[in-house]
Amino acid sequence: MNIVTPAINIIVGLGAMLAAGGTAIIGRKLGAGSATEARSDLTQLTLTGAVLGFVIAVAGTLFLDDIILGLGASDILQPYARDYLSILLLFTPASMVQVLFSMFFIAAGRPGLGMVVGVLGGVVNAVSTTCSSSNSTWASPAPPWPPAWAIWCRH
């Protein structure tokens with residue numbers, strides 16, 4: 001459901017902004033030898049990301065129809081977009097935390113681990129979407145559960 005992609009991009013973008021700033025703060029403290037402060041900041045940023053994701057999920061669910069109409073969904077697409085986005089919103093807290101940790105892996109000196117998680121997320125997306133779509137016709141959208149899981153894994 002490409003019509004809801006801007007909503008997903010906003011969620012990932014907010015997570016990326018929080019991750020970029022957080023990584024700079026944590027990296028600076030790690031470089032200065034303040035590992036305890038860096039761990040404390042990591043905890044605070046992780047909780048902030050999870051809470052922000054939860055707030056977005058709740059607000060998105062409350063204003064779901066307004067968001068879908070604002071994105072330009074027609075009367076025909078609206079029920080499909082509602083189903084799709086409502087399920088994706090359930091994964092918002094996990095998606096935000098995953099975006100944070102993909103950046104934190106880099107600050108911790110483990111960029112390869114972040115790459116492996118991203119590639120595995122892409123594989124999960126491809127396999128799960130293919131499996132869920134194999135019983136669907138072109139006129140019937142695939143259930144959003146597998147892509148929601150894959151979005152959480154790859155960001």
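Modeller: What follows goes from the overall fold to single residue pairs. This is a predicted model, in which local features need pLDDT of at least 70 and side-chain atom pairs count only at pLDDT 80 or more, while totals for chains, interfaces and linings use all residues. Residues are numbered from 1 along each chain as its sequence is written, and side-chain values use heavy atoms, with hydrogens and water left out.

Colleague: How many helices and strands does the chain have?

Modeller: Helices (H or I, at least four residues) and strands (E, at least two) are DSSP runs, numbered from the N terminus. Here the chain has seven helices and zero strands, so the order of elements from the N terminus reads α-α-α-α-α-α-α.

Colleague: What share of the residues is buried?

Modeller: Buried means under 20% relative accessible area, exposed over 50%, and partly exposed in between (1.4 Å probe, protein chains only). Of the 155 residues in the chain, 34% are buried. The accessible surface, from the Shrake-Rupley method with a 1.4 Å probe and, for residues, only the protein chains shown as cover, is about 8700 Å² for the chain. Carbon and sulfur atoms hold 71% of that surface.

Colleague: How is the span of a helix checked, taking helix 2 as the case?

Modeller: The expected span is 1.5 Å times one less than the number of residues. Helix 2 has 28 residues and should span 40 Å; its end C-alpha atoms are 40 Å apart, which agrees.

Colleague: Which residues of helix 2 are buried, and what do they pack against?

Modeller: An α-helix has 3.6 residues a turn, so residues three or four places apart point the same way. In helix 2 the buried residues include Ala 38, Asp 41, Leu 45, Gly 49, Gly 53 and Gly 60. The buried residues of this helix pack against helix 1, helix 3, helix 4 and helix 5 (92-107). Val 55 is also in helix 2 (residues 35-62), but at 46% relative accessibility Val 55 is partly exposed. Its C-alpha atom is 9.1 Å from that of Thr 92, 37 residues apart along the chain.

Colleague: How many salt bridges are there?

Modeller: A salt bridge is a side-chain nitrogen of Lys or Arg within 4 Å of a carboxyl oxygen of Asp or Glu. By this rule there are three salt bridges. One of them pairs Arg 82 with Asp 65, with the closest N and O atoms 2.7 Å apart. This pair links distant parts of the chain: Arg 82 is in helix 4 (residues 78-90) and Asp 65 in helix 3 (residues 64-70), 17 residues apart. Arg 82 is partly exposed at 29% relative accessibility, and Asp 65 is partly exposed at 34%.

Colleague: Which residues does a network of salt bridges join?

Modeller: Salt bridges that share partners join Lys 29, Glu 37 and Asp 41 into one network. Lys 29 is in helix 1 (residues 5-31). Its salt bridge with Glu 37 has the closest N and O atoms 3.7 Å apart, and Glu 37 is partly exposed at 43% relative accessibility. With Asp 41, the closest N and O atoms of Lys 29's salt bridge are 2.6 Å apart. Asp 41 lies in helix 2 and Lys 29 in helix 1, so the pair ties together parts that are twelve residues apart in sequence.

Colleague: Is Lys 29 buried or exposed?

Modeller: Lys 29 counts as buried because its relative accessibility is 18%. Both Asp 41 and Lys 29 are buried. Not counting residues up to four places away in sequence, Lys 29 touches Ser 34, Ala 35, Glu 37, Ala 38 and Asp 41.

Technical notes. Contact = heavy atoms within 4.5 Å.
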